[in-house]
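Welcome! Take a moment to look over the sequence and the 3D view, and then let us walk through them together.

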Protein chains: 2
Amino acid sequence: MGLIVQKFGGTSVANTEKVMNAANRVIDTYKKGNSVVVIVSAQGHTTDELIDKAMEINSNASKREMDMLLSTGEQISIALLAMALEKLGYPAVSLTGYQAGMYTDSNYGNARIKSINTERIFKELDKKNIVIVAGFQGINKYDDITTLGRGGSDTTAVALAAALKADLCEIYTDVDGVYTADPRIVMNARKLKDISYDEMLELASLGANVLHNRSVELAKKYGVNMVVRSSFNKDEGTVVKEVDSVEKMIVRGVTRDDDVARIAVLGIEDKPGKAFQLFSLLAKENISVDLIIQSIGREDVKNITFTVSRTNLNKALDTINMNLGLLGATEVKYSDKLSKVSIVGAGMVNHPGVAATMFEALYDASINIHMISTSEIKISVLIDAKDAEKAVNFIHNKFKLDQIVE
Amino acid sequence: MGLIVQKFGGTSVANTEKVMNAANRVIDTYKKGNSVVVIVSAQGHTTDELIDKAMEINSNASKREMDMLLSTGEQISIALLAMALEKLGYPAVSLTGYQAGMYTDSNYGNARIKSINTERIFKELDKKNIVIVAGFQGINKYDDITTLGRGGSDTTAVALAAALKADLCEIYTDVDGVYTADPRIVMNARKLKDISYDEMLELASLGANVLHNRSVELAKKYGVNMVVRSSFNKDEGTVVKEVDSVEKMIVRGVTRDDDVARIAVLGIEDKPGKAFQLFSLLAKENISVDLIIQSIGREDVKNITFTVSRTNLNKALDTINMNLGLLGATEVKYSDKLSKVSIVGAGMVNHPGVAATMFEALYDASINIHMISTSEIKISVLIDAKDAEKAVNFIHNKFKLDQIVE
């Protein structure tokens, strides 16, 4: 018996059948004597449909009005889930972000939670109600509706779990946990029993679309015990927790990220401050840069090569081309037919030779490496996109990730 | 220059083109230097679609959750209209019922407005914003969302006009005013320049679906000047105001109401209290009774005939049949192939002979009258549904309603 926060994503409440299914999962937990707070996302493609409606009228609508519009998606979901619970004979009450005391800043479209007034939720829990809270939304000091941006419902769930001092925060989704690699491309990928916050953060940012980074950061900050599991089966899922208690595997997973493009700026004058100029130009345009390599070219010039997300490629090229003179560069090259393949594992830092093993796997597969980047808990390589699936499989096998190593 | 409240119904904002059209109507008023507060209903069939969603999950959902669900329809509309105004270059801000200070009682699904806190609206008007308020919704003392029931957006508009002391409340709809008869069945029906609150109340309850009664009652109570006009043309519409200033026509309109069924309870014991018993049984089931006739049958029995709405027919019959013994009645008959045709006019009370003229028109048309009911400002007859169109036309011509009589 305890206080459990459960979050159901859009695919888990996409239609009547799935709403009833989610209701039954909630009831399983409630019947064991737990207090249950449920966070729900908008049904299936509701958010996209609302965005389409807005675009038809005004492709440049204010973010305040977009939030007013989009927040209805979650409001529909909470009402429907409450009705499903009523139908099954259980007491439920739905709450909008405002009613649940979710106070945010005024950064419409990407607001941050500032404080949570838990009074109403606790009052409803005291009445033995199952409390259903709209994910993704809050209210600012002007009483205006805000939304939290991508992954917002995960953030709502973790923030509420922290504020309510919940015993567990369960994230129900359409995958049944975190895997050593994407099961769609690695046949013997294995579901992890648990994973550390830091590993999960690296995996999330490397393209394992299970949890959004902001929610994991928040869980780490407040020590919230999370578990990621499927809403469509009863498997145990993957627990996300502190590093010291996770399985003792050096490498925890292999990921592939195709949203990557490489830009090479050639023939830059070899003078101090040129790299700084280049990257501050890109920062001004809100373009994030990932891997960076600087190499010496012929004579007194240097080449700077870096990666950006594919969506930012054109904007980055335009920015650089408009400033070629300022940078004293001669030529810009690019490629968007690349993938970033990475391994992640908190134990890596104490195990030299991990990088060598990874490169050996790629050599075995005859795959050429374009760029390399390492951090304490991950190693990334940039390779041709056509080789990515093969690379992930060879690396997965090389580290024997299908086997549990104690 | 003044403060104008404008209300756009669901058909007036049903799609992108109509939202832009409504935005342009708002701007016309704003450009003249007026402060403008706009009330919007849910788009087209949104409310029905949300009800269908709910029914699929739980046909007996709590009214609180229904209100949580249905209120999203208006929230979508206000955001879209605000975006349309932004697109056209005008400053707009949308407000939910809660943000607009609409406080109601807790009668979910059919709530009454208790008070309006106009602070936020005036603050936005001071900033020269066009203020767009979600119709049909409010919030109760628990911070829970309520809806006002049928015609709720009209009620929101009139209540806001009263609270803001607006100079005018314009109701934009898909008809361009109040007519002497339904223009779809009477070719020479004439649009009225103005009509009194009381006449409008009778017309509304008699089947002229232009304004909901609650909004007219409220307008009468607070002396709100209303005008009903089309959102699709620039015609002047019909002004609804105090009786003393309206056109001097004895009969203002002829209406037809098909939502009527007749029940005859025969052979009731002729003892005191039997009629009371019958109608209190029906009242307990929330069945409203309209016309009533009591007649003496053979020997010591009486017959009671009355009308109910068609939707209540079966429930009424069941209730009576289960209590035949209690009522000491022998037989129940019914018909649902009837129409109620009525004439309305505040001047009627001072003009004897109006009823006779109406009956003469029906005699001219060889139409048999089943029941008659009169009040100070209306006369209703129950006739066969197949005769209704003919009856309305004959009466309309008899009173020369196509001509303006000064």
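Here we visit a helix pair and then a sheet.

This is a predicted model, in which local features need pLDDT of at least 70 and side-chain atom pairs count only at pLDDT 80 or more, while totals for chains, interfaces and linings use all residues. Residues are numbered from 1 along each chain as its sequence is written, with chains lettered from A and ligands numbered from 1 in the order in which they are written.

Start with helix α2 (residues 46-57) of chain A, which packs against helix α3 (residues 63-87) of chain B at an angle of about 30 degrees, their axes 9 Å apart. (Helices are DSSP runs of H or I of at least four residues, and strands are runs of E of at least two, numbered from the N terminus; axes are lines fitted to C-alpha atoms, for helices over the stretch in contact, and angles run from 0 to 180 degrees between N-to-C directions.) On the α2(A) side, the contact is made by Lys53(A), Ala54(A) and Ile57(A), and on the α3(B) side by Leu80(B), Met83(B), Ala84(B) and Lys87(B). Residues are in contact if their C-beta atoms, placed from the backbone, lie within 7 Å.

Now turn to chain A, where 4 strands form an open antiparallel sheet in the order β13-β18-β20-β19. Strands pair if DSSP finds at least two bridges between them. β13 (253-257) and β19 (371-374) of chain A stand at the edges with a single partner strand each, so one side of each has no neighbour in the sheet. Between β13(A) and β18 (residues 338-344) of chain A there are 5 bridges, and Asp257(A) has Lys340(A) in β18(A) as its bridge partner.

Two helices pack on this sheet: helix α11 (residues 354-364) of chain A touches β18, β19 and β20 (378-384) of chain A, while helix α12 (residues 388-398) of chain A touches β13, β18 and β20 of chain A.
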